[in-house]
Amino acid sequence: MITTKKDEIYDQDTLPSFPYAQLNEFYEIRRYLGKTCLGTKTIAYHSSFGCPFTCSFCAVVPIYNARWKGKSAENIYKDILFLKNNYGGNAIEFHDNNFFVSEKRTVEFSNLIKKENMIWWGEGRIDTINKYSDESLAIMRDSGCRMIFFGAETGNDEILKRMDKGGTQSAAQIRSFAARMKKFDIIPEYSFVLGMPADTEEESWKQIKRDVEFIREIKEINPETEIIIYVYSPVPVEGSELYEKVLASGFHYPEKLEDWIEPSWEKFDLRKNPLTPWLSAEMIDYIRNFETVLNGYFPTYSDIRLNRSKIKVLKSISSFRYKNKLYSFPYEIKAIQKIWKYRQPEIEGF
Ligand code: SF4
């Protein structure tokens, strides 16, 4: 095997502009701007590459090695305006791994986009955006920033340390930040990673139940918080304490390329069925059942097919279970979610 050196990440502003007009000659761009909870013609845009952090569970780390380069606010705005004026774009999803690395760039972009009356969404870090001033957050909201995706991961400070999140993220900060976002009317979309490696079965159970309680606490602080639940899937990050622990548990990846198409590995990338030795089938069921009840009692804002009456029905059939923490066999909720094709953003996106 020959491994070549990783190339640098180029200064995004020195690259040629995206050739939207040429592309449109072959594929009608207007048709690719989808209907989402943000708008009827949603632009998907990548304004930066990489991420300056090195979380030990994240697939972005081995690709970019803690490097990040972003386009200037002005150039992002130019592209968005072009897509709006020529193809009818009226909302934006920023798919950057970490859109909000620079407060200055975010505020500059917010000030530019404000007059365009477009709702926008992006992915960021709690500790980074928590350092933003109140004034910056207010400008973002005024400009149309309606929801931000954050990796909250867990309410356990020990595990957060093991995850190598870098920065200052802690359980206390995750709580207080949910409250801060409420003040600014920006929906925090918190993703959690349950089922991290533990030494004993008892410890695994304890940790899963602690995280479930933590999620409930966040919902009390700010019920608008969107919760995304993943089950931990190992990512090979060299030198990471977490990955060493994973290997020691007996976990290994498929050895041949064709092994990846085995049904058991099919969902690995979605972090839904991770085949990890420290998790039992009962634990996975517990997590999935809790998720079903939670999604029933707090249906996601991002599912545009759910109207008010459907939300009311879902909430009322899930209410007894959620309030009394009865998560086992939630077949009645699952049946309704199946009939109404309930949309889980972690699987289908917006
Ligand atoms: S901040 Fe997010 S994108 Fe960056 S390394 Fe951590 S998990 Fe990955």
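I began with strand 6 (residues 145-153) and strand 7 (residues 187-194), which pair in the parallel sense over six bridges; two strands pair if DSSP finds at least two bridges between them, and strands (E, at least two residues), like helices (H or I, at least four residues), are DSSP runs numbered from the N terminus. Across this pairing I found Met-147 opposite Ile-187 in strand 7.

I noted that this is a predicted model, in which local features need pLDDT of at least 70 and side-chain atom pairs count only at pLDDT 80 or more, while totals for chains, interfaces and linings use all residues. Residues are numbered from 1 along each chain as its sequence is written.

Next I looked up the whole sheet, and found six strands forming an open sheet in the order 1-4-5-6-7-8, with parallel pairing. Strand 1 (42-45) and strand 8 (226-231) stand at the edges with a single partner strand each, so one side of each is left without a neighbour in the sheet. Neighbouring strands of this sheet are turned by 20 degrees against each other on average, direction ignored; the axes are lines fitted to C-alpha atoms, for helices over the stretch in contact, and angles run from 0 to 180 degrees between N-to-C directions.

I then turned to strand 4 (residues 91-94), where Ala-91 and Glu-93 point one way, Ile-92 and Phe-94 point the other way, and all are buried. A residue is buried if 20 or more other C-beta atoms, placed from the backbone, lie within 10 Å of its own, exposed if 12 or fewer, and partly exposed in between. In a regular strand the side chains alternate between the two faces of the sheet.

On one side, four bridges join strand 4 to strand 1, and Glu-93 is the bridge partner of Ala-44. Strand 4 also pairs with strand 5 (residues 119-124) in the parallel sense over three bridges, and there Ile-92 stands opposite Trp-120.

Last, I looked up Lys-182, which lies in helix 8 (residues 171-183). Lys-182 counts as partly exposed because it has 16 C-beta neighbours inside 10 Å. Beyond four places in sequence, Lys-182 is in contact with Asn-222 and Glu-224, while Lys-182 and Tyr-77 are 27 Å apart in space, C-alpha to C-alpha, and 105 residues apart in sequence.

Notes:
Two residues are in contact if their C-beta atoms, placed from the backbone, lie within 7 Å.
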